[in-house]
Amino acid sequence: MKRAVSISIGSPKRDKAVIVNLLGEQISIERIGTNGDMEAAALKYKELDGKVDAFGVGGADLGLMVDGKWYRLYSVEKMVRFIKETPVVDGTGLKTTLERKAAPFVEAKLGDYILKNGGKKAFVMTGVDRWGLAHGFVEAGYECTFGDFMFSLGMNIPLHSEKQIKSLAAILMPIAGRLPFEWVYPTGEKQEERKPKYPKWFNWATVVAGDCLYIKRYMPDDMQGKVVVTNTTTPQDVELFRKCGVKYLVTTTPILDGRSFGTNMMESALIALSGKKRALTHDEYEEILTKLGFEPSLQELN
């Protein structure tokens, strides 16, 4: 049996291990959280290096891909410094392929509902680290607001175009990429804290899209009738969305044994399945996703 392991600096409360059948092959997929401890994650990678088929980097990114340009996150790279044999990915491959399909999926399944309940308005939590997702909504004709300044930098400055996202990345990422990762993204137990902010934009939007932890952390208690597009949802996450009134929940990765896993976990599973012992190319991801028939999942919560 092949084995893919995501080692995350997120909370161990979100850990999960399941065995899935992909194209007739049994794949063990497992998430291991280290509660914000990057050194513990690095040592876990060292322990398992060469013993598993693929690694995922969870709760962080090795870098950000914005319209084909790669921006390194230097503080995260130390997590993977001991890896010598096992391929390691952070989900970027699926963010630029699978997540780009989310908007067309939403249009096909919920287009009428959206037009009747506020129109095509999407609040994307951050566009820099979810370029495929953001670009998909722009391509689908949505009026978009991007919260990169708001949620990553704590500044109440909404963005409204891809050009602004690319300019932001070009100017700030060479600096931000060298900051401690926890300065720009919650890690460990902080991921479970609720700190609602900027309700204006949540209320404005019909669709709220992006990182699940960001959405949970910052959304208002009243999300009545909203469509949430995200990934890595546990049953507890789903219950919170239901409690806050979310009408539809779309997850960009498949639901396996009651939850959806992160793009890094699913990307490492695809590498394990391929047997190539390296990160796959864009075309290879597209080919294997087509064979698997992977598409987003839709749940009606209220």
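Colleague: What joins the side chains of Arg31 and Ser8?

Modeller: A polar contact of 3.1 Å does. This is a predicted model, where local features need pLDDT of at least 70 and side-chain atom pairs count only at pLDDT 80 or more, while totals for chains, interfaces and linings use all residues. Residues are numbered from 1 along each chain as its sequence is written, and side-chain values use heavy atoms, leaving out hydrogens and water.

Colleague: What makes the pair of Arg31 and Ser8 a polar contact?

Modeller: The term asks for a pair of N or O atoms within 3.5 Å, and within protein one must be able to donate a hydrogen and the other to accept it; residues adjacent in sequence count only if both atoms are side-chain atoms.

Colleague: Why is Arg31 called buried?

Modeller: Arg31, found in strand 3 (residues 25-33), has a relative accessible area of 9%. Buried means under 20%, exposed over 50% and partly exposed in between (1.4 Å probe, protein chains only), so Arg31 belongs to the buried class. Strands here are DSSP runs of E with at least two residues, helices are runs of H or I with at least four, and both are numbered from the N terminus.

Colleague: Which residues does Arg31 touch, not counting those up to four places away in sequence?

Modeller: Among them are Ser6, Ser8, Asp15, Arg259 and Met265. Contact means heavy atoms within 4.5 Å.

Colleague: How do you know that Asp61 is buried?

Modeller: Its relative accessible area is 9%, and that is under 20%, so the word applies. Asp61 sits in the loop between strand 4 (54-58) and strand 5 (63-66). Its side chain and that of Lys95 are joined by a polar contact of 2.9 Å. Leaving aside neighbours within four places in sequence, Asp61 is in contact with residues including Leu73, Asp129 and Phe181.

Colleague: Is Gly59 buried, partly exposed or exposed, and what makes it so?

Modeller: Gly59 has a relative accessible area of 24%, so it is partly exposed. Gly59 is found in the loop between strand 4 and strand 5. Beyond its neighbours within four places in sequence, Gly59 is in contact with Ser8, Ile9, Phe181 and Tyr185.

Colleague: Let's turn to charges. What makes Lys120 and Glu107 a salt bridge?

Modeller: A salt bridge needs a side-chain nitrogen of Lys or Arg within 4 Å of a carboxyl oxygen of Asp or Glu. For Lys120 and Glu107 the closest N and O atoms are 3.3 Å apart, so the pair qualifies. Lys120 lies in the loop between helix 4 (102-116) and strand 8 (121-124), and Glu107 in helix 4, so the pair ties together parts that are 13 residues apart in sequence. Lys120, at 25% relative accessible area, is partly exposed, and Glu107, at 26%, is partly exposed as well.

Colleague: How many salt bridges does a search of the whole structure find?

Modeller: The search finds 22. One of them links Glu284 with Arg278, the closest N and O atoms being 2.8 Å apart. Glu284 counts as buried at 18% relative accessibility, whereas Arg278 is partly exposed at 34%.

Colleague: Why are helix 11 and helix 12 called roughly perpendicular?

Modeller: Helix 11 (residues 263-274) and helix 12 (residues 282-292) pack at about 90°, with their axes 11 Å apart. That angle makes helix 11 roughly perpendicular to helix 12. The contact involves Glu267, Leu270, Ile271 and Leu273 of helix 11 with Tyr285, Ile288, Leu289 and Leu292 of helix 12. The classes in this contact are 7 nonpolar, no polar and 1 charged residues. Nonpolar covers Ala, Val, Leu, Ile, Met, Phe, Trp, Tyr, Cys and Pro; charged covers Asp, Glu, Lys and Arg; the others, Gly among them, are polar.

Colleague: Which cut-offs decide the word for an angle?

Modeller: Under 35 degrees is roughly parallel, over 145 roughly antiparallel, 65 to 115 roughly perpendicular and the rest oblique. Axes are lines fitted to C-alpha atoms, for helices over the stretch in contact, with angles from 0 to 180 degrees between N-to-C directions.

Colleague: What makes helix 5 and helix 7 roughly antiparallel?

Modeller: Helix 5 (residues 131-139) and helix 7 (residues 162-176) pack at an angle of about 160°. That is over 145, so the two are roughly antiparallel. Trp131, His135 and Val138 of helix 5 meet Glu162, Ile165 and Lys166 of helix 7. These residues divide into 3 nonpolar, 1 polar and 2 charged.
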